[in-house]
Amino acid sequence: MQPALLHPAIRPALHLLCALPLAWLVWRLLAQQLGANPAEALIRSLGDWGLRGLLLTLAITPLRVMLQQPLLLRYRRLFGLWSFAYVLLHLLCYVAFDKGLDVNEVLRDLLKRPFILVGMLAFVLLLPLAATSFSAAQRRLGGRRWQALHRLVYVATTLACLHFWWMRSGKNLWVEPAVYASLLALLLGWRLHRAWLRACN
């Protein structure tokens, strides 16, 4: 399997797969197939894919260890940056379509609706991770500081899950938030267990 992960077609194929949800959403928007409120459908779908991408990014390390495939790590940054792209588009569409690019309206929403504030905090935490995801930034920061900074992804993903849960709970839609929260708990629990084993040794 490892030689296959080095195939030059793997990276373009993964980029294509990550772009497909966005292309599908754009096509449905242009074809007027996003329902009675296309702006809301677009905003929520982009946010959903951003959260799924974050969970997938966190799953790379456990998969790498359990499958004994260290080359999987080569693609973690790709998934992380695509996740950030979906989160960024989610935010931009919210500001543009829901708030009409009115900064004051956005600020009022942050104060009035806590789940919006939580989502914004998640985005703010993801910003430095995206900005320092490249090898040059890692070299400048040094390995330890870079790793410490990128542990913020755990907090950001937790806040993103809370944002999603809070938003859906207002409509009594619990199943999907519960699935994502359970996946996050498993991914973080696996890391805590590994840290505990290392401490014991």
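Start with the lining of the second largest pocket: it divides into 18 nonpolar, six polar and five charged residues. Keep in mind that this is a predicted model. The pocket itself holds about 620 Å³ of space. Select I43, H90, F115, I116 and H163; of the 29 lining residues, these are the closest to the centre of the second largest pocket.

Now color by helix. Helix 3, helix 4, helix 6 and helix 9 each supply at least two residues of this second lining. Helix 3 gives the largest share, nine residues.

Next, go to the largest pocket, with a volume of about 1100 Å³. Select T61, R76, W146, H150 and Y154, the closest to its centre among 32 lining residues. Helices 3, 4, 6, 7 (135-141), 8 (143-150), 9 and 10 each give two or more residues to the lining of the largest pocket. By class, that lining has 14 nonpolar, nine polar and nine charged residues.

Then turn to the nonpolar packing. In soluble globular proteins, nonpolar side chains tend to be buried together. Here the largest nonpolar core has 47 residues. Select L51, F79 and L126, which have the most contacts inside this core. To see where the core comes from, show helix 2 (10-30), helix 3 (38-67), helix 4 (76-98), helix 5 (103-112), helix 6 (114-131), helix 9 (152-169) and helix 10 (175-200); each gives two or more residues to the core.

Last stop: L126. Which residues is L126 in contact with, leaving aside neighbours within four places in sequence? Select L54, F84, V87 and A156 to show these contacts of L126.

Note on methods: Residues are numbered from 1 along each chain as its sequence is written. This is a predicted model: local features need pLDDT of at least 70, side-chain atom pairs count only at pLDDT 80 or more; totals for chains, interfaces and linings use all residues. Side-chain values use heavy atoms; hydrogens and water are left out. A nonpolar core is a set of buried Ala, Val, Leu, Ile, Met, Phe, Trp, Tyr and Cys residues joined through side-chain atoms within 4.5 Å. Buried means under 20% relative accessible area, exposed over 50%, partly exposed in between (1.4 Å probe, protein chains only). Helices (H or I, at least four residues) and strands (E, at least two) are DSSP runs, numbered from the N terminus. Contact means heavy atoms within 4.5 Å. On a 1 Å grid over the protein atoms alone, a cavity is a set of points where a 1.4 Å probe fits but cannot get out, and a pocket is an open set with protein on both sides within 12 Å along at least five of seven lines; lining residues have an atom within 4 Å of a point. Grid points are joined across faces, edges and corners, and a volume is the space filled by probe spheres set on the points. Ala, Val, Leu, Ile, Met, Phe, Trp, Tyr, Cys and Pro count as nonpolar, Asp, Glu, Lys and Arg as charged, and the others, Gly among them, as polar.
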